[in-house]
Amino acid sequence: MLAKAAIAPLGWSASDRLPLLPSHLNMVNRCEGLELLPARSSSRGLSTDEASEILKRSDFFAASGGPAINQLASLAELVNLPSGDRLFDKGDIGTAMYFVVHGEMRLHNGEVVIGRLGPGSVFGEVAALSQERRSASVTAVSDTLLLKLEQDAIYSTIAAQPAAARSLIEALCAREREIIDEKFDRIIEARVLERELEIGQSIQKNFLPETIPVIDGWTLDGLLRPARKVAGDFFDFFFVPDVGRVGIVIGDVCDKGVGAALFMSLFRSLIRSGALHRYAAGGTVGVEDPATLLRRTMRATNQYVTSTHPGSSIFATVFFGLLDPRTGELVYINAGHEAPVIGGPSGVRAQLSATGPVIGLIEDLEHAVAEATLAPGELLFGYTDGATDARNEDGRQFGEERLLEEVCRGAADASSLLLCLLAALDAFSGRVEQYDDITMICLHRHPDRDQT
Amino acid sequence: MSNPLRIAVAEEKGNVPVTILHISGDLDSKTYTDLESKAGELIGQGANNVLLDLGGITFMGSAGLRAIHGIFKKLSAGGAGGKLKLANPSDAVARIMKTLGFDVIFEIHATVDEALGSF
C-alpha cells in the first residue's frame, strides 16, 4: 500500500537540481522521517530558489521573511510520488507537512473522496505540528512532486525566526476560521433540512382526520406516533353519506421515513377519494351497497398504484371497514393488515383477518368482503405492527398477546383506551428508541342503557 | 442481535433447470437489496426458474417481501415465462406471508423438494 518515492534534500546550491523519477539510484521505500538520499545527477528537479518561491507563496510562510524562508527551503525535501501511490493512510502517525509542486493528490477516507489537492495546495500541517494522527488518506492521482517539511525543520525555524512563527499561527487561524465557517454553513443547511421535514410533518398531519366523526352511542379515536419525522402509517375516519355508514381505515406502508410518507399520502387519499367520490373512481350511477363500495375503492386504489408506480415494489396493508352505527354491523376488506379485533371485558371475541393480499403490488386484485358486528359494550381495536414489535431494553417485543390483554382491560371510551395503551407501550420500551411508526385506532360502542 | 444475511446459490437439474437461493439471516430493510441484486445478477445470467429457500431466515421484515416481489417482477419482465417459487418458511415467516396475503400472490411450498418437483 505504501508508496515508493524518491526523496532528496534541498540543501544544495541554486544551480543544483534534484532528479525526479526514474532514477534507479533514488528509489526507496517511503516512510516518515526517511533517510535522505544524495541525488544531484539529473537536470530535472527543484532549486532552492524555486522551493523558497513555493514556500513564500503558501499562506503558512508568506509573512515569514527572507531568512526564515531560506532556512526552511534548505531543510525541505522533495517527494516524488508516481500516480496511484499512497502518501499516507488515515490514522498514520505523521511528522511532516507537504506542498504540492505539480501533479494532483486525492484526499480520501477509504473510497470516499473528500477533496483534490493540486499545485499550490498545502496539507498535513495538523499532524506535522502536533501529535495528532492523519485525519484522511492521501493518494497521488497523477505523478506528483511534493515539497516536504519535517516537524523538526519547522520548529527549529520558528524558534529562531519569530516572524515565521507569527506567519504560521496566522495561517492556522485562517484555516480554523474556514473550518468554523464551513461548520456553521453545515449547521444552517441541517436546520433548513430539519425545517423541510417539519413542514412535511405538518402537511402529513393534514392527511390524518382533523376531526373524528361524532356518532351517538359510539366513541372513535386514533393515534399515530411516527418513528421519524414523517410516517408510513395512516388511519382515517369519515362519513360516507351514500351508504349512511362510517368509513374506518388503518394502513401501513412497507417502509419508514420520507419515501413511505409520500406513499402514505397517496394510499390514504385514493381510499378516501374512492369512497366519497364514486363517479371519479369507476363507480356506476345509482345506489351502491357498502360491499360494492369497498370492493370498488380497493380495486381502484390498487389499480392506480400498480399501474402508475409499477417499479417501486412499495405496498400497503390496509384495513377498510364501513360501520353502520345504528346496528353495529361492519363490512370490511382487510388487505394483508394485522387483524383488528372485536372484544370486551371478557376478552377477544373475533379477529378480522386478511380477506386478501396487500395492495400496490399485484394488478387486478379482487378482495373478498367480510362482515362482523359490534355488540353494545364491545370495541373494535386496530393497530400497526409498530405497536406489537416495540422492544424493551432486553430486546423482547411487546407482542400481540400483551397488547390485546391491555385492550380488553378496557376503558370508558376510545380516546382514554388509546392513551392507556400508549402509556403501557412507553413503560415497556423504557429508554429504547421507537423503531417503527405506532398507530392504533379504537371504536367503542356504549353499553345499551337498558342493559346497564 | 442481528444476523447477517447469507445467500448460497445452487443449481438443480430436474424437469427443468432450477436456480435455488438458500437464504439465511435477517432479511430486513438493511439487507433486502443484497438479495434483490444477487437474484438480479442470476436472472441476468439466464436463470429463469428461481426457488427461494426461506428456511434459514431469522427475521423477515416487510422490506424482505419487497425484495421477493422485486425478484418476481424481474422474472416476469424477462418475457421467457420465468417462475418464482418459495419454499421451507419457518412458522414465523409463514405467518407473516399469510397475514400479508403473500400466500395468495406466490406459490409457497413446505419443502425444497416439493417445490423442485412442482417446476
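Is A:C442 buried or exposed? With a relative accessible area of 0%, A:C442 is buried (buried means under 20% relative accessible area, exposed over 50%, partly exposed in between, with a 1.4 Å probe and protein chains only).

A word on the ground rules: this is a predicted model, where local features need pLDDT of at least 70 and side-chain atom pairs count only at pLDDT 80 or more, while totals for chains, interfaces and linings use all residues. Residues are numbered from 1 along each chain as its sequence is written, chains are lettered from A and ligands numbered from 1 in the order in which they are written, and side-chain values use heavy atoms, leaving out hydrogens and water.

| Residue | Relative accessible area | Class |
|---|---|---|
| A:C420 | 45% | partly exposed |
| A:C442 | 0% | buried |

Now for the interface. Chain B brings 16 residues into contact with 21 residues of chain A, contact meaning heavy atoms within 4.5 Å. Across this interface there is 1 salt bridge (a side-chain nitrogen of Lys or Arg within 4 Å of a carboxyl oxygen of Asp or Glu). B:R95 and A:E400 form a salt bridge through their side chains, at 3.3 Å from N to O.
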